[in-house]
Amino acid sequence: MKTIAFENKFGPWALVTGGSSGLGVGFAHNLAAKGLNVVLTGRREALLTEVAQQLEERHGIQTRVVATDLTSDEALDEIRKVTDELDIGTVISNAGVASMGAMLKIDADELGRNLKLNTTAHLRISHHFGQRLVERGKGGILFVGSMAGMQGTPLGANYAGAKGYVHNLAQALNYELRNSGVHVSVVAPGPTDTPGLNARTDIDLAKIPGPVMSVDKLVSIGLKGLAQNKPLVVAGLSNRMMDFMFRRILPRQTGRNMMGMMISKHAPRELKLN
Ligand SMILES: NC(=O)c1ccc[n+]([C@@H]2O[C@H](COP(=O)([O-])OP(=O)(O)OC[C@H]3O[C@@H](n4cnc5c(N)ncnc54)[C@H](OP(=O)(O)O)[C@@H]3O)[C@@H](O)[C@H]2O)c1
């Protein structure tokens with residue numbers, strides 16, 4: 001069902017990075033159901049086209065797809081070729097990847113590529129579209145962070161560092177744009193039911209005890225936070241309780257230690273240092 005107020009503030013077009021899988025597909029459907037047209041980006045063109053067709057059939061909206069690797073120097077130009085003539089009102093900067101395991105066990109080039117996707121891509125997308133949104137005086141940018149970015153997360157060191165960047169970038173931008181009419185939020189998901197969680201070949205993070213959130217729930221929490229212009233949205237009660245314990249009650253390194261113990265338990269021997 002269309003939500004006119006949302007469409008007026010955040011439409012008529014949304015850009016969703018990582019639109020071929022998981023949370024990106026969920027964001028695209030939610031926004032399309034609110035009446036927004038959607039541009040999907042990702043590397044896998046066939047999947048993007050499939051998602052785009054479903055969006056058009058189910059929600060009667062328009063779509064575009066941009067098949068591009070966000071770690072490449074050309075990515076923003078490729079996205080601009082399609083979006084320069086569209087009135088983009090919402091950007092969901094979502095694409096992200098984690099290579100789990102002890103940092104020294106993971107190839108440095110792979111870590112470098114991940115870092116570029118998890119930090120520089122967010123920077124370039126939000127820098128370009130942030131200017132466009134400020135010029136039109138309304139709209140929003142929602143970054144997708146992670147509970148892993150709330151502290152040093154052992155066996156996910158590079159990922160946690162990058163997500164910490166995303167959290168800080170988004171919260172600072174929320175302040176800088178506070179008088180522009182443009183909302184900026186970052187949503188921090190915990191384990192969420194996507195291929196990014198369930199199809200891992202390194203550490204089976206789905207085995208870590210605790211609730212796994214549905215994509216639909218995470219997406220609606222994130223978009224509600226954006227509509228309310230919340231700088232940081234910690235998704236769900238159990239994540240909020242964990243965040244409160246780790247950041248407000250327990251000593252600073254306790255959260256890191258607990259994450260380290262939980263993840264180590266499910267890590268194969270070859271991905272641990274000791
Ligand atoms: N699922 C969870 O439990 C969880 C928890 C915390 C945070 N998150 C965050 O949520 C976001 C979405 O993750 P997900 O769980 O939905 O994972 P996913 O199902 O694996 O989807 C990841 C998306 O990112 C895109 N992507 C990956 N590398 C790319 C690249 N180099 N260039 C362009 N696009 C690329 C993928 O598209 P292509 O492969 O087609 O390029 C895909 O659409 C990520 O930022 C992740 O860190 C997820």
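The structure is a predicted model.

**Strand E4 and its partners**
- Strand E4 (residues 88-93) is largely enclosed by the rest of the structure, because six of its six residues are buried.
- Strand E1 (residues 13-17) pairs with E4 in the parallel sense over four bridges, and Ala 14 stands opposite Thr 90 in E4.
- Strand E5 (residues 139-144) also pairs with E4 in the parallel sense, over four bridges; Phe 143 in E5 is the bridge partner of Ser 93.
- Together, E4, helix H5 (residues 108-136) and E5 form a right-handed β-α-β unit.

**Backbone sites in loops**
- Gly 11 and Pro 12 are joined by a cis peptide bond, with omega about 0°; Pro 12 lies in the loop between helix H1 (4-10) and E1.
- Leu 155, a residue other than glycine, has a positive phi near 70° and is placed in the loop between E5 and helix H6 (157-176). Leu 155 counts as buried because 27 other C-beta atoms lie within 10 Å, and the cut-off is 20 or more.
- Asn 229 is not a glycine either, yet its phi is positive, at about 55°. This residue belongs to the loop between helix H8 (215-227) and strand E7 (232-234), and Asn 229 is partly exposed, with 14 other C-beta atoms within 10 Å.

Technical notes
Residues numbered from 1 in each chain as written. Predicted model: local features only at pLDDT ≥ 70, side-chain atom pairs only at ≥ 80, totals over all residues. Buried ≥ 20, exposed ≤ 12 C-beta atoms within 10 Å, placed from the backbone. Helix = DSSP H or I, 4+ residues; strand = E, 2+ residues; numbered from the N terminus. Pairing = 2+ DSSP bridges. Right-handed = clockwise from strand over helix to strand, strands pointing away.
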